Amino acid sequence: MKKILSLIVMLSLVSSLQAVEVGKSAPEFSVKDCCGEEVKLSDYKGKTVVLEWTNPECPFVKKYYDGGHMQDLQKKYTDKGVIWLRINSSAPGKQGYLKDMEEAMELTKKQKAKATKLLLDSDGHVGKLYGAKTTPHMFVINTAGILVYAGAIDNDPDTSYDSKAKNYVADALDAALTNKSVETANTQPYGCSVKY
C-alpha cells in the first residue's frame with residue numbers, strides 16, 4: 001500500500017510540473033548561487049544561456065562529468081560568451097542535496113566544472129517553474145530571452161558516454177550563436193528524476 005501511495009504522489013508531482021514552451025519567453029527566476037549571491041535570469045539579458053539540471057550522485061550526470069565531457073562542453077561555449085547555469089534542485093534529505101555553500105563550492109572544485117555558476121534550488125521553485133524532470137535536463141535560451149531548446153543532452157540514454165552520440169545542446173547552441181533556427185528544439189529528457 002505504501003508503494004502504491006508513493007507512486008501516486010510521484011506521478012502527481014511529475015504531472016504537476018508544467019514544462020515551459022519552446023518558442024516562448026523563458027520565465028524569470030531568482031535563486032542563490034553557491035557563493036550565496038542572488039542570481040536572476042534577467043542578469044544575463046542579451047546573452048545566450050544554458051540551464052543544466054544536475055545531481056552529483058546521478059549516474060547519468062556522472063556519465064558526462066567523470067570523463068570531463070560536460071566540462072569540455074561548458075568551456076567550449078562559455079569561451080564564446082554563453083552563460084552556463086548549473087541548477088541543483090535536490091531537496092533536503094534527498095539524493096544530491098547540497099546543504100551549504102561550502103559543500104557546493106567543494107563539488108564545483110572536485111568536478112572541475114567550467115560553468116558560469118552553480119545555483120542552489122533546494123525548494124525546487126526554479127525546477128518546477130521550468131518543468132525540469134531529470135538530471136541532466138537541459139534548456140537553451142537565446143539572446144532575445146526565448147527558449148529555443150528543451151530536453152536531453154544527447155540521443156544516447158545510457159550511463160556510458162558515447163562520443164558518437166548526437167549532442168542536442170551543442171547543436172542548439174551552434175544554431176543560437178549564429179541566429180539560425182534550432183533543428184531539434186524539443187526532445188525527451190532522460191536521467192535520474194529531479195529529487196524534489
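**View 1. Asp-171 pairs up with Lys-166 in a salt bridge, with their closest N and O atoms 2.8 Å apart.** A salt bridge here means a side-chain nitrogen of Lys or Arg within 4 Å of a carboxyl oxygen of Asp or Glu. Asp-171 is partly exposed at 36% relative accessible area, and Lys-166 is partly exposed too, at 34%. (Buried means under 20% relative accessible area, exposed over 50%, and partly exposed in between, using a 1.4 Å probe and protein chains only.) This is a predicted model, where local features need pLDDT of at least 70 and side-chain atom pairs count only at pLDDT 80 or more, while totals for chains, interfaces and linings use all residues. Residues are numbered from 1 along each chain as its sequence is written, and side-chain values use heavy atoms, leaving out hydrogens and water.

**View 2. Lys-117 and Asp-33 join their side chains in a salt bridge (3.0 Å, N to O).** Lys-117 sits in strand E5 (residues 117-120) and Asp-33 in strand E1 (residues 30-33), so this pair ties together parts 84 residues apart in sequence. Strands (E, at least two residues) are DSSP runs, numbered from the N terminus.

View 3. Glu-37 is partly exposed, at 46%.

**View 4. Asp-33, Glu-37 and Lys-117 form a network of salt bridges.** The whole structure holds seven salt bridges.

Key: Helices (H or I, at least four residues) and strands (E, at least two) are DSSP runs, numbered from the N terminus.
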